[in-house]
Amino acid sequence: MYISNSTKAILSAIIAITILPAILYIIPQYNVYTQRLQGEAELQRAESNRRIAIEEAKAKKESAQSLAEAEIIRAEGVAKANKIIGDSLKHNEGYLRYLYIQSLSEAETKGNKVIYIPTEAGLPILESGRGLR
C-alpha cells in the first residue's frame, strides 16, 4: 500500500491537531497534580514533626516531674535526718563539746592554727585563720 505525500501531510496535520491540544491540556494538569501531591507530602511531614515535638515535650515534662518528685523525697529524707540529729543533740552538751574539740584537733592536723580566747560568756571567738598566715 502506497501512501502519497499529501496523505502523509494530512495525517500529520490531523495528528498534530488532535495530539498537540491534548498534550497542552495534560501537561498543566500533570503539574497541578504533582504540586498537590508535594503539598500533601509536606503537610504529612509537618504533621509528623508536630507529633514528634509533642511527644518529646511530654517526655521532658514527665522527666521533670520525676526529677522534682525525687528531689522532694531527698529533701524530706534530709529534713528527717536533721530532725533526728537535732533532737538527739538538744540535751547533750557533753557530746557537742566533744565534737567541738574534735573539730579543733582536725583543724590543727590540717595545718591551721587555732587560738582560743575565753570570753565572759564562755563563748569562743571564732576568727581563727585571719592574719595568721
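Arginine 51 and glutamate 47 join their side chains in a salt bridge, with 3.6 Å from N to O; the term means a side-chain nitrogen of Lys or Arg within 4 Å of a carboxyl oxygen of Asp or Glu. This is a predicted model, in which local features need pLDDT of at least 70 and side-chain atom pairs pLDDT 80 or more, while totals for chains, interfaces and linings use all residues. Residues are numbered from 1 along each chain as its sequence is written, and side-chain values use heavy atoms, leaving out hydrogens and water.

Arginine 51 and glutamate 47 are four residues apart in helix H1, so about one helical turn separates them. An α-helix has 3.6 residues a turn, so residues three or four places apart point the same way. Glutamate 47 also forms a salt bridge with arginine 50, at 2.8 Å from N to O.

Another salt bridge links aspartate 87 and lysine 83, at 3.0 Å. These two are four residues apart in helix H1, about one helical turn. Through shared partners, salt bridges join Glu47, Arg50 and Arg51 into one network. The whole structure has seven salt bridges.

The chain has two helices and zero strands; these are DSSP runs, helices (H or I) of at least four residues and strands (E) of at least two, numbered from the N terminus. Helix H1 covers residues 5-89 and includes tyrosine 33. Of the 133 residues, 2% count as buried, whereas tyrosine 33 is partly exposed at 41% relative accessibility. Buried means under 20% relative accessible area, exposed over 50%, and partly exposed in between, with a 1.4 Å probe and protein chains only.
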